Amino acid sequence: MVLDKIQKENDIKELNAEELTLLADEIREFLIHKISISGGHLASNLGVVELTMAMHLTFNLPEDKMIWDVGHQSYTHKLLTGRKNGFDQLRKYGGMSGFPKRKESLCDAFDTGHSSTSISAGLGYAQARDIKGEKHYVISVIGDGALTGGMAYEALNNASQIKTNYIIVLNDNNMSISENVGGMSSYLGNLRTADAYTELKSGVTNTLSKIPVYGDRIVKRIRKTKSGIKQLFIPGMLFEEMGITYLGPIDGHNMEQVCKTFREAKKVNGAVLVHVCTKKGKGYEPAERHPARFHGAEPFEIETGIPKSKRVKSNYTDIFSTVMRKLGDREPEIVAVTAAMPDGTGLKRFRNMFPDRFFDVGIAEEHAVTFAAGLAAAGLKPVVAVYSSFLQRAYDQVLHDVCIQNLHVIFAIDRAGLVGSDGETHQGIFDLSYLSSIPNMCIMAPKNKWELSDMMKFAVAYHGPIALRYPRGEAYDGLREFREPVKYGKSEVIYDESEIALVAVGSMVKTAKEVRSRLRDTGYSCSLVNARFVKPYDSELLLELQKEHRLVVTLEENVKSGGFGEAVLDYFNQIGSRVKVLNITLPDDYVEHGNVDMLKQEVGIDADSVEKKILAAYIGL
């Protein structure tokens with residue numbers, strides 16, 4: 001295999017043209033095979049094979065710096081830098097990350113995982129290079145989906161001022177996770193189809209070049225003219241007008257053409273954008289037909305693309321999707337907002353039934369939140385469906401635009417807690433902390449799938465900012481018989497005993513139930529409380545608990561700092577209570593990628609670990 005010749009960075013430069021063609025095919029076969037076993041980001045990686053190879057042929061690593069936006073498309077880059085063997089442990093605990101990691105390789109210039117960051121980071125690298133008097137190239141790769149994020153435009157505006165070479169690669173596949181929306185998508189569509197410009201440019205250049213003596217001079221003069229032929233034939237020429245040289249669009253699967261364009265880009269003194277058109281999922285028919293489904297793929301059968309494991313029970317996203325559809329029927333004022341995640345957040349059914357009340361704003365969480373604030377100020381009931389780790393990007397907008405005005409915006413926060421294989425950038429383990437710090441915000445977490453439905457109905461009827469956070473994966477269907485009406489700021493007592501009180505938030509109620517059973521089997525009396533509300537917490541119940549309990553244990557799938565447990569501990573300290581409080585939380589740290597069950601064991605929030613901590617604390621009283 002040609003791929004076996006790639007043992008380290010720059011080995012690709014030793015291959016001939018025939019071997020390069022074979023290598024592209026082998027990389028695709030390798031990725032399809034490995035991801036069919038481990039799961040991972042498939043469609044995005046299949047789409048950039050030739051583009052990545054061209055970059056590695058044109059630039060020198062690790063001296064030159066390649067920065068991948070989001071980074072889920074960096075698998076070919078990892079292969080070409082000698083990490084083939086790491087794919088057996090891809091996205092597993094202790095194994096290779098699915099994203100670029102500086103600690104993993106010198107060829108990974110910047111850790112990524114969220115969108116629209118590569119131009120800012122790359123520009124920082126380029127400016128640092130110039131200050132230090134170094135001579136290497138800096139290349140930022142950004143997708144057309146990520147280009148909908150406002151941070152990318154802030155960086156482009158800044159990049160236009162640089163006077164030395166800085167290369168931006170626009171990987172244009174007309175997709176983010178779901179199909180792209182908005183003005184930038186339309187604009188790039190015009191660029192992709194600007195055949196008239198491309199043909200005219202080629203024809204004029206060829207004709208002028210044939211003029212004896214003066215022909216080449218005229219061509220060079222035209223190329224140096226800022227407002228040239230491009231301005232006539234491509235609407236707006238946004239990048240050129242910003243002061244960024246534009247090259248393209250070119251076929252991203254034509255390696256020779258991409259390499260040639262990169263060589264041209266290296267000659268530009270300033271920021272230059274290379275517009276490359278690729279096909280997401282290229283080379284694997286199921287991924288070409290269903291790129292969104294193969295964005296983050298579960299293990300699948302290669303022949304059909306069908307997932308190997310069949311999901312029987314509904315997950316929390318499914319429950320949310322059903323509830324939103326039903327609420328949409330009953331409440332004409334409900335509108336739904338997503339930041340490029342209609343499928344992932346479960347809003348696809350709502351969109352199909354109520355297209356005029358559904359808004360996909362693109363990868364722009366900050367805009368999504370303030371847009372929702374405007375909808376709420378105008379009298380509607382917006383539901384912002386978003387992953388926990390992505391809502392972090394809109395903290396200022398939640399605080400400043402929603403909560404200061406006490407607007408009724410409902411935040412449906414999916415993927416809260418540990419999410420697994422995507423690692424540090426995707427774990428939703430900070431939301432209770434950063435949301436609890438904001439005045440006027442109300443925060444809830446359901447114990448099971450029925451409570452998610454009840455809490456959504458409560459949130460719609462509420463007045464003011466309210467967040468409902470729920471985990472990734474199968475919806476818990478236990479404790480169905482406990483379904484007290486949801487009342488503002490009130491917990492639900494499931495089992496009322498004495499000595500030890502377990503006060504659990506959301507997903508940790510299931511764990512607490514198992515722990516309680518174990519404690520009672522060994523002779524300990526134990527109460528179980530479903531907290532329901534993180535903010536405001538139920539201080540009246542806490543006051544009652546201290547009378548009959550010597551140990552209060554809080555359980556949450558969130559970091560300790562600023563979380564629910566800290567608030568409970570602070571409350572007991574304020575009232576001078578002598579009850580001992582044990583906080584079961586995630587560590588105040590970033591949690592790496594891996595299987596969720598394994599991660600829970602590693603960080604000490606699984607049932608075994610929790611039981612041991614409780615017994616140690618209780619015996620020590």
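**Exercise 1. Find which residues ring pairs link into a cluster, then work through the other aromatic pairs.**

Solution. Start with the cluster: Phe458, Tyr462, Tyr488 and Phe533 are joined into one by ring pairs. Here, rings of Phe, Tyr and Trp (its six-membered ring) pair if their centres lie within 6.5 Å; planes under 30 degrees apart count as stacked, over 60 as edge-to-face and the rest as tilted. Before going on, keep in mind that this is a predicted model, where local features need pLDDT of at least 70 and side-chain atom pairs count only at pLDDT 80 or more, while totals for chains, interfaces and linings use all residues. Residues are numbered from 1 along each chain as its sequence is written, and side-chain values use heavy atoms, with hydrogens and water left out.

Next, the total: the structure holds 23 aromatic pairs. One of them is tyrosine 316 with tyrosine 470, a tilted pair with 6.5 Å centre to centre and 35° between the planes. Tyrosine 316 sits in helix 14 (residues 316-330) and tyrosine 470 in the loop between strand 11 (466-469) and strand 12 (492-495), so this pair ties together parts that are 154 residues apart in sequence. Helices (H or I, at least four residues) and strands (E, at least two) are DSSP runs, numbered from the N terminus. Both tyrosine 316 and tyrosine 470 are buried; buried means under 20% relative accessible area, exposed over 50%, partly exposed in between (1.4 Å probe, protein chains only).

Now try tyrosine 387 and phenylalanine 390: their ring centres are 5.6 Å apart and their planes at 15°, so they are stacked. Tyrosine 387 is buried, and phenylalanine 390 is too.

**Exercise 2. Find which rings arginine 351 and arginine 357 lie over.**

Solution. A charge sits over a ring if NZ of Lys or CZ of Arg is within 6 Å of the ring centre and within 35 degrees of the ring normal. Take arginine 351: its charged end is over the ring of phenylalanine 358, 5.9 Å from the centre. Then arginine 357: look over the face of phenylalanine 354, and you find it 4.4 Å from the ring centre.

**Exercise 3. Work out which residues of helix 25 are buried and what covers them.**

Solution. Helix 25 (residues 607-619) has 13 residues and spans 18 Å from first C-alpha to last, close to the 18 Å expected at 1.5 Å a residue; the expected span is 1.5 Å times one less than the number of residues. Its buried residues include Ala607, Ser609, Val610, Glu611, Ile614, Ala617 and Tyr618. Their cover includes strand 13 (499-504), helix 21 (508-521), strand 16 (549-559), strand 17 (580-586) and helix 24 (596-603).

**Exercise 4. Track down the cis peptide bonds at proline 62 and proline 249, and the positive phi values of serine 116 and leucine 479.**

Solution. Some background: most residues other than glycine have a negative phi, and most peptide bonds are trans.

- Leucine 61 and proline 62 are joined by a cis bond with omega about 5°; proline 62 is in the loop between helix 3 (49-58) and strand 1 (65-68).
- Serine 116 has a phi of about 70° and lies in the loop between helix 4 (75-80) and helix 5 (118-132). Its relative accessibility is 3%, so serine 116 counts as buried.
- Leucine 479 has phi near 60° and lies in the loop between strand 11 and strand 12. With 4% relative accessibility, leucine 479 counts as buried.

Key: Contact means heavy atoms within 4.5 Å.
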